[in-house]
Amino acid sequence: MAPRFDFSDLWVKETRRGTPVVVKMENPNYSIVEVEEPDSAFQPMEKSRGKNAKQVTWVLLLKAHKAVGCLTWLATVFWSLLGSVKRRLSFTHPLGSERLDRDRWLFSAIKLFLATSLAILGFELVAYYRGWHYFKNPNLHIPTSKLEIQSLFHLLYVGWLSLRADYIAPPIKALSKFCIVLFLVQSVDRLILCLGCFWIKFKKIKPRINDEPFRNDDVEGSGSEYPMVLVQIPMCNEREVYEQSMSAVCQLDWPKDRLLIQVLDDSDDESIQQLIRAEVTKWSQKGVNIIYRHRLVRTGYKAGNLKSAMSCDYVEAYEFVAIFDADFQPNSDFLKLTVPHFKEKPELGLVQARWAFVNKDENLLTRLQNINLCFHFEVEQQVNGVFLNFFGFNGTAGVWRIKALEESGGWLERTTVEDMDIAVRAHLHGWKFIYLNDVKVLCEVPESYEAYKKQQHRWHSGPMQLFRLCLRSILTSKIAMWKKANLILLFFLLRKLILPFYSFTLFCVILPITMFVPEAELPVWVICYIPIFMSLLNILPAPKSFPFIVPYLLFENTMSVTKFNAMVSGLFQLGSSYEWIVTKKAGRSSESDLLGLTDIESKKMANQILRGVSDSELLEIGQVEEQKKQPVSVKKTNKIFHKELALAFLLLTAAVRSLLASQGVHFYFLLFQGLTFLLVGLDLIGEQMR
């Protein structure tokens, strides 16, 4: 709106000087008359003037038309949403529900909790409509004498109120206070990590290397000063990603006589084995020093695969080993940015690079994962690397000194987190780690909820297995006492055990219970202010994700049931604590021309390759090419997740109960959290599984 400049006072002073004059003409078409109030001629007319019944009718019709249009638009959006949900659920396979054979204990507990909540809600609704609003106003007098009791149902309700206040509320209050203390401790830890990250940024602290750590020899020839590096690519049925990862690794900038690439294929599908073997043959014909290994006895999952590869005799000639999972695509200068850090640092055992994600903007699920992983690498790994020289190895995109692996006992098959296991044992043996936040390796995050859930289950059950197995080794080790305290209290207990415990217990158990036991109601700052503040801290490393702060907060609470279940299973060896399921990948390329460039090079060298192979190899290559051209039939299915659905109905039931008590913040939190559980339980977040 344009600014209004009011000069009426000045104008009035000037025009009121002199005698008023009226000018008339013989045939006047107009007249000039003095106006006492200059603005009076421009005063708005009264709303009641100039309107008749017809105009009022038209105004009402226009407003009604606008309201009907708005309602029609909302109905169209809602109907479209229901249609998309129906189409998504139509892919649900009759046997596509989540298996609960091994983890039925938690689902049974949630079902019992839900049934109890529904019974109490029905009880409260009947009491509410009979006018017994004791829960709405706790200060009301609760009848105790027989004369004040109206009926048997009234007697039962009064007894329930007394039982609730005297016996149920006190233990719930104690448990909630304990969880709130854990919540605050974990929040302080998260805040300290963020402050440490800010300090690193402010002081520009980062590991540095000399300008020319090695002699600039031609990488095609022999580089005598370059150390011998072994590169391992463990994979298992990785049809979607094997080609692009091998292409990226085979183009690493390092003297070819100082580099060996091991493709460690644990695939049980013969067609995939044939494809990977043909890809190895293609790069071998191009002059790359690459070999293919396939185990006949596939034990120990990834740890067993790496252990088997390290037992080869030729490994003794190599000083360092770089590990890349099948979906990782390192840049060509990866080794030149990581290996030089080992020079003149005999105590350094590991150099870890950062992950970057090619599909972080694919859907809402990948965006939410990107927030967590950005905080993990930008804050947790970087702060621990700078101030402690220790962090958990991420299992890939890292370079190990082979001597450190051997002195620490090598790869062990005792847990599903072999990367964390070797990192803890190397730390106990005095080896130091370096984290490079500026060196990024592209990879994928799971695009379906089922794949993400299985990944998180492994990531949270494995650390509890490891903690139970290595606690005695930590206590009896010769490292400093503060390092032992950091390992036990912070690394394992606070960040691996306490976090999933309090998040599930506080927001998925205690909060809905307090809706039925208002004497133990949680304060608003616990369920609103601090979670939002902590979510803001988590999103700081990924500022573009600020619009997703509310979905992120709700989804993290939703994932707490999976993490809690995994933590308990790993700690007490329950259910599927030692189950390893390969995370499904989509096979998205990091660069649009990465594979295109490889295809061009392969076409240029096709004649040279075909000249050097036998007739049987030529026949095998032809079969592989035909297999690649054949379209793979893909059927997407939906799954139903029972624990998430049961918790959705539980939270929605608690939301109805909070609505009766007029608890605004609690109601909205429970409502949206319950809807989030419902969407996740129906597998409506992320892509469908193939």
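Which residues does UniProt list for "transmembrane region"? The unreviewed UniProt entry gives residues 67–85, 105–126, 175–200, 487–516, 522–540 and 667–685 under this heading. The structure examined here is a predicted model. In that model, residues 175–200 are 100% helix and 0% strand, with the end C-alpha atoms 38 Å apart. Residues 487–516 are likewise 100% helix and 0% strand, and the C-alpha atoms at the ends of this stretch lie 40 Å apart.

On the α13 side the contact is made by Phe507, Cys508, Leu511 and Met515. On the α20 side it is made by His666, Phe669, Leu670 and Phe677. Residues three or four places apart in an α-helix point the same way, because such a helix has 3.6 residues a turn.

The largest nonpolar core has 88 residues, and Trp400 and Phe492 are those with the most contacts inside it. Strand β8 gives the most to this core, with seven residues.

Helix α11 (residues 418–428) is mostly covered, with 11 of its 11 residues buried. Just after α11, glycine 430 takes a positive phi of about 90 degrees.

Most residues other than glycine have a negative phi. Asparagine 389 has a positive value, near 55 degrees. Asparagine 389 is found in the loop between α9 (364–387) and β7, and it counts as partly exposed because its relative accessibility is 28%, between the cut-offs of 20% and 50%. Aspartate 683 also has a positive phi, near 60 degrees, and is placed in the segment after α20. Its relative accessibility is 1%, so aspartate 683 counts as buried.

Conventions: Residues numbered from 1 in each chain as written. Predicted model: local features only at pLDDT ≥ 70, side-chain atom pairs only at ≥ 80, totals over all residues. Heavy atoms only, no water. UniProt positions renumbered as here; feature names shortened; annotations may be inferred. Helix = DSSP H or I, 4+ residues; strand = E, 2+ residues; numbered from the N terminus. Buried < 20%, exposed > 50% of the residue type's maximum accessible area, 1.4 Å probe, protein only. Core = buried A, V, L, I, M, F, W, Y, C linked by side-chain atoms within 4.5 Å. Contact = heavy atoms within 4.5 Å.
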